[in-house]
Amino acid sequence: MKQKMSNRKFLAIWLPVLSFVLILAVAVNILSSYFKGYVDLFLGRGEIQITKVEGSENWDTEYYKLDYSNAEEVKTAADEMVETVEGEGIVLLKNNDVLPLSGGKVTLFGRDSADPIYGGSGSGSVDLSSAVNFKTGLEHAGFSVNEPVYSILEQYASFTESTDARGSAVKTYEHPRANIAMDDPSASTWYIGEMPVENYAGAEASFTEWPDAAIVIFGRGGGEGGDLAQDMEGFDENYEAGQHQLELNFDEKQTLALAEAHFDTVVVVINSSNVMELGDLQNDENVDAILWIGAPGQTGFNAVGEVLSGNINPSGRTSDIYPADLTKDPTFANFGDFRYSNIGSGKSGDGGYYVQYEEGIYVGYRYYETAAVEGALDYEKAVVYPFGYGLGYTDFSWEVTGQALDEDHISVSVEVTNTGDVAGKDVVQLYYSAPWEQGGIEKSSVVLGDFAKTKMLAPGEAETLTLSFATETMASYDYKGEKAYVLEEGDYEIRLQTDSHNVKDGAPPLVYTVDSTAVLDGAANRFDDVSAMFADEAENGFALNMSRADFTGTFPTAPAASDKIANDDIVAGYQEYVAADHLDEAAKMPATGEDNGLQLIDLRGVDYDDPLWDDLLDEIAVEDMMNVFMNGAYTSFPIPGIGKPQTVDYDGPSGISSYMTELSCTAYPSEVVIASTWNTDLAAQIGEILGNEALANDVNGWYAPGVNIHRSQFGGRNFEYYSEDGLLSGKIAAACISGAAEKGLYAFIKHFALNEQETNRVNNGVSTWANEQAIREIYLKPFEIAVRSPKTTVKYISGTDGAVSEKEMNACTAVMSSFNRIGATWAGGSSALMTDVLRGEWGFEGMSITDFNLYPYMSPDQGLAAGSDLMLTYQSMKDIDDTSSATAVTRLRAATKNILYTVVNSNAMNGIAAGTVISYTTAPWQIGLYIADGVIGVLLIVGCVFVIRRVRRHSKA
């Protein structure tokens, strides 16, 4: 006979089950509410609903329109743009008259032939599942590729693919290669991963069947959250002392030797956005040509094939100088992992890390050109390729046809003529040399002043280009004496050059004379505390400024990290920010929650300083302002009361993509490739195509472009940044931002500022030390150009009849700050950076956002006080101490205005007119949750009833 379960045993089983279900349901509802922004990002938010007032239904409120019929056409155009950009950005470094290739049967060598570098990892990554590979690109150009050899390479480079917690693709290789795990050095690897030469043995017989050329490809990748290895110990079986990641390793050298032994024509392709040591290749007589291709993106390998075949004439120029020995670069010793010994763990973070820019202004070509002039190095031995260098398949002559040198502008007109046999483009570069004397302000012997690229010129065709820059551009920043930019008296040479080292034949230097020294207005010392860490005598400070007066004696050396002790000021900078200690006693509580009858759309096209903004801001409740400020991860939250829509803001520098969702648009070539086009018109076209992609995918903001400087060749995110030169970076970025703005896409230039290494970036924020001259002339320069120069046209409804007006406004309305510290102060919490320089000096109007704010040292209170407007985080993940004082509300009001100014002049306002009512449907995931709650509720009730009845029945029994 079956034994009945006792009530006690029954309750012991079912009460925990019902309790668990109830607790789980409550927890899911609480967490989904707490992390709503995060869940919206992953699972989708509600649809916006726009209800127009009577009479405005037929107004044209589509302020920005697609240039294409549909999203598929946009995608096709973007893919074509990738080919165009790669075709213009490829740099021909060496050519012993073998390119273009006359034969079509080629053999590929090197692992990267089958597993190339398309871009980088991290927030700059994009979906490459449909990318054109190297082999396909060659076949597209008419080449036949050695299949037996390629099959061996393909098998060696094979991998399995999975997804990580974020849904991003993760490759697991049988034969591993370098992989940067974001902010996790212990999980990162730096293997080159080249296939050993013995693996070719089974296919050597095929060499004679594909004999026209050996194409050897060497690649290096980069990624967010880690830098490239300055020492390969532990990551190379044939490691030699001092070996680093950016030189060819044993297996690569053996691969090249194999190709040279079997082929008369050997072409080397460099598939890297980071500068590599290429001196041995340049000097190798058996290497007939070298082609730099960077990271080609979605369809760029088609262009690589076209350049090799001659259908595209390469016109790219290097955007960085190529030293022969990277270990002798002045940045090498002060790049990487350095830690203060007296800053420990605490709420402000784990320890204190730092990097010192001892080289000052002598970065990249500025060092090598100047040191050569001063006799501190042999240029021919120290440099393989100058900055701005590149070859082509045709020749050009230049003739100066006009010039104007006065106190306002330097201008030179040049007629460029194609004197060769094939059509091509040329790049004209204008440099200046300022007078310098011992003990004076530090100055590079040569600085890029302007550049221009011709259109496609047929043989015999000519075009006149005019290059110009403001005369005050030649001033140098004196942070010690005048604490301002100074244009010193003397003769300034103006030279037309083919690169940073070589003057164009037939273009003699021009001379502009400054009769008396002028101190310029507009800039003042903002970073005295940072500059104070440097001195002219080693014993007088923590770091020694490198000086043109004695390059050898002041050459940077690495600090002894174990002995590095932070002074009291540095230690104080690392302490937790206390909002109560930074109140403005004069602050008065501003008006909030008033009804002035204004909507955000009424402020479209209205000047930033117009009093009407105050009337609008008076309407907004503190809760709404705080909700926006603290929930800025990939969005800015809506304020329905004033008709502010929720925005969609996505990564990244390689194209619009969502690191946190599945959205991924076209993958563009790395920013280094874009800079290597030296073509601002093309950069503007890139921005415009990106703007179309944004419209097609309902995206409003773009976390790009990155304009940090290639200070070190080992920078993990160099693929995200344009160049070592601020002018080239700034002008290319400005053009791209302007093009994007034409379609209403606001671009967040990043990472503001001095964010030139990834190592320790989030370990309590690495402290970056540099003197103010270097900060301004090198590292802030591209941001300054991008903020000051580009313009865009904003359309708005100007009357009650729906008439459309236009207004010219600044195109750059968004900036992203960085993880690092400027000195001891977090960049996003530096008022000197975020307010004094950005807004006070440069006149920036728009919003600034932090980098992903997940770390304790990135205080929202400090950011708000410094001028940061939006926290790239979720309110559930960060704490803010002061939300109610007059100081806090006043600052919130200013931040809200900056956000609203950017949003109202963007494509986020498409479809919105005066009086429009904005609402949002319930998100699908919320509907699902409500249904699940209902089902669970019913089941719980039924379960409870069942338990009660069961207990009663058995009790009676």
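Helices here are DSSP runs of H or I with at least four residues, numbered from the N terminus. With that settled, Val-935 sits in helix α23, which covers residues 924-956. Keep in mind that this is a predicted model.

Val-935 belongs to a nonpolar surface patch, together with Ile-927, Ile-931 and Leu-939. The patch comes to about 380 Å². Val-935 has a relative accessible area of 44%, so it counts as partly exposed.

## How α14 meets α22

Two packed helices are described by the angle between their axes and the distance between the axes. Helix α14 (residues 622-629) packs against helix α22 (residues 886-904) at an angle of about 60°, and the axes are 10 Å apart. That angle is why α14 is called oblique to α22. As for handedness, the α14 and α22 crossing is left-handed.

Side chains of opposite charge can pair when their charged atoms come close. Searching the whole structure turns up 32 salt bridges.

Arg-776 takes part in a salt bridge with Glu-772, at 3.0 Å from N to O. Both residues belong to helix α18 (residues 772-779), and they are four residues apart, about one turn of the helix. Glu-772 is buried, as is Arg-776.

Arg-776 also forms a salt bridge with Glu-841, where the closest N and O atoms are 2.9 Å apart. This pair links distant parts of the chain, since Glu-841 is in helix α20 (residues 831-841) and Arg-776 is in α18, 65 residues apart. Buried or exposed: which is Glu-841? Its relative accessible area is 11%, and the cut-off for buried is under 20%, so Glu-841 is buried. Arg-776 is at 3% relative accessibility, so it counts as buried too.

Which residue does Asp-67 pair with in a salt bridge? The partner is Lys-743, with the closest N and O atoms 2.8 Å apart. Asp-67 is partly exposed at 44% relative accessible area, whereas Lys-743 is buried at 8%.

There's also a network of salt bridges, linking Asp-183, Glu-224, Arg-717, Glu-720, Glu-758 and Arg-761.

Most residues other than glycine have a negative phi, and most peptide bonds are trans. Here are some spots to check against that.

Asp-651 and Gly-652 are joined by a cis peptide bond, with omega about -5°. Gly-652 is in the loop between β27 (649-651) and α15 (671-676). Another cis peptide bond joins Ala-704 to Pro-705, with omega about 0°. Pro-705 is in the loop between β28 (701-703) and α17.

Then there's phi. Asp-97 has a positive phi near 60° despite being a residue other than glycine. Its place is in the loop between β2 (91-95) and β3 (105-109), and at 76% relative accessibility Asp-97 counts as exposed. Lys-483, also a residue other than glycine, has a positive phi near 55°. Lys-483 is in the loop between β20 (476-478) and β21 (484-487), and at 36% relative accessibility it counts as partly exposed.

Definitions and conventions. Residues numbered from 1 in each chain as written. Predicted model: local features only at pLDDT ≥ 70, side-chain atom pairs only at ≥ 80, totals over all residues. Heavy atoms only, no water. Patch = residues over 30% accessible without salt bridge, like charges linked within 9 Å, V, L, I, M, F, W, Y side chains within 5 Å. Areas by Shrake-Rupley, 256 points an atom, 1.4 Å probe, with all protein chains shown as cover. Salt bridge = Lys/Arg side-chain N within 4 Å of Asp/Glu carboxyl O. Helix = DSSP H or I, 4+ residues; strand = E, 2+ residues; numbered from the N terminus. Buried < 20%, exposed > 50% of the residue type's maximum accessible area, 1.4 Å probe, protein only. Axes fitted to C-alpha atoms, helices over the stretch in contact; angles between N-to-C directions. Parallel < 35°, antiparallel > 145°, perpendicular 65-115°, else oblique. Left-handed = near helix turned anticlockwise from the far one by under 90°.
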